[in-house]
Amino acid sequence: MERVQTGIKGLDSMLFGGIPAGNQVLVVGGPGAGKTLLSFEFLYRNALQGSKGIFFALEEQKDRLIENVKEAFSDLGKGIDEMISKGMLIIDGEDIVSRLNEGVTQPTYEFGKVVSDIETMVTDVGAKFVVIDPITSMSVILDDPKVYRRTLLALVANLRRLGLTSLITMEAKTPERKFARFAPEYYLFDGILSLYQLGEEEKRILAMEIMKMRGTNHSFVTSPYEITSSGFRVISAEDVALP
Ligand SMILES: Nc1ncnc2c1ncn2[C@@H]1O[C@H](COP(=O)(O)OP(=O)(O)OP(=O)(O)O)[C@@H](O)[C@H]1O
Ligand SMILES: [Mg+2]
């Protein structure tokens, strides 16, 4: 089976080598958990390896996103600029409300246009990887839960048909693991990567868990992570030698 390495320290060990190619993976987490940065790093690491990726930012303008990422990953700044200028890492940033400016009266039709924009761009540049950040912004315009779910289903089917391996971010209802519940959206995706807060407010620990990943065995250990100036670092149990 073909796997896609995320290039993120520790995460590939949790995935027993990487994400099975063609999987559509939901990255769930609370505010500031690192969903945007982690997905960006995934595209960046693969761009360095010669594979094109597109980041669709639905709630942020392109320049602001790049600024934030370079601020957080200050040691990677030059590399990020290089991947962007070479066209290996493409950022499409326009918030969804302005995308849909003219057609909010017919949100599903307009959303279809967003999906076809994604398709056109992916085929034009020959991208292998896609990030959509965050998918939750769609629920703002698709307020009927059934319509929202059906639209997500269509989106996932389209990404799959295009042969992409994708990370799609979603805001969690709660950042704490002990309150986390399966949301209906979870069933639509091939994989779920959850970013949590463990512990008390005063001593927060960030940790991630692979809730599911079709096509591979994976770690079941919730593993702490930190966001460093050179990328994510996940302390995976698979990397720690047991006595
Ligand atoms: N310069 C920095 N140095 C260290 N950590 C940083 C830096 N900038 C940001 N961070 C960390 O990254 C987090 C933000 O990451 P990110 O934007 O990916 O979160 P998010 O899950 O996408 O949040 P949101 O739901 O608000 O979009 C911050 O909460 C902070 O912990
Ligand atoms: Mg974000």
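**Reading the ligand shell, the sheet and the helices**

Tutor: Helix α2 gives the most to the shell around ligand 1, with 3 residues; helices (H or I, at least four residues) and strands (E, at least two) are DSSP runs, numbered from the N terminus. This is a predicted model, in which local features need pLDDT of at least 70 and side-chain atom pairs count only at pLDDT 80 or more, while totals for chains, interfaces and linings use all residues. Residues are numbered from 1 along each chain as its sequence is written, and chains are lettered from A and ligands numbered from 1 in the order in which they are written.

Student: Which residues surround ligand 1, and how many of the shell are nonpolar, polar and charged?

Tutor: A residue is near a molecule if its C-beta atom, placed from the backbone, lies within 6 Å of it. Around ligand 1 stand G29, P31, G32, A33, G34, K35, T36, L37, E71, A72, E171 and I227, and the elements that give two or more residues to this shell are α2 and α3 (62–72). By class the shell has 5 nonpolar, 4 polar and 3 charged residues, where Ala, Val, Leu, Ile, Met, Phe, Trp, Tyr, Cys and Pro count as nonpolar, Asp, Glu, Lys and Arg as charged, and the others, Gly among them, as polar.

Student: How should I read the sheet, and what is the order of its strands?

Tutor: Strands of a sheet pair through backbone hydrogen bonds, either parallel or antiparallel. Two strands pair if DSSP finds at least two bridges between them. Here 9 strands form an open sheet with mixed pairing, in the order β5-β4-β6-β7-β3-β8-β9-β10-β11; its edge strands, β5 (89–93) and β11 (231–234), each pair on one side only. From one strand to the next the twist averages 25 degrees, with axes as lines fitted to C-alpha atoms, for helices over the stretch in contact, and angles running from 0 to 180 degrees between N-to-C directions.

Student: Which strand pairs show the antiparallel case?

Tutor: Strands β8 (residues 191–198) and β9 (residues 205–213) run antiparallel and are joined by 8 bridges, and Y196 has A207 in β9 as its bridge partner. Strands β10 and β11 also run antiparallel, with 4 bridges, and a hairpin joins β10 to β11 through 2 residues; T228 stands opposite G231 in β11.

Student: How is the packing of two helices described, and at what angle do α2 and α4 pack?

Tutor: Two packed helices are described by the angle between their axes and the distance between the axes. For α2 and α4 the angle is about 70 degrees and the axes are 10 Å apart, which makes α2 roughly perpendicular to α4 (angles under 35 degrees count as roughly parallel, over 145 as roughly antiparallel, 65 to 115 as roughly perpendicular and the rest as oblique). The contact is made by Y44, A47 and L48 of α2 and G79, I80 and M83 of α4, residues being in contact if their C-beta atoms, placed from the backbone, lie within 7 Å. These residues divide into 5 nonpolar, 1 polar and no charged.

Student: Where is S74 placed, and is S74 buried or exposed?

Tutor: S74 lies in the loop between α3 and α4 (77–85), and S74 counts as exposed because it has 11 C-beta neighbours inside 10 Å. A residue is buried if 20 or more other C-beta atoms lie within 10 Å of its own, exposed if 12 or fewer, and partly exposed in between, with C-beta atoms placed from the backbone.

Terms used. Two residues are in contact if their C-beta atoms, placed from the backbone, lie within 7 Å.
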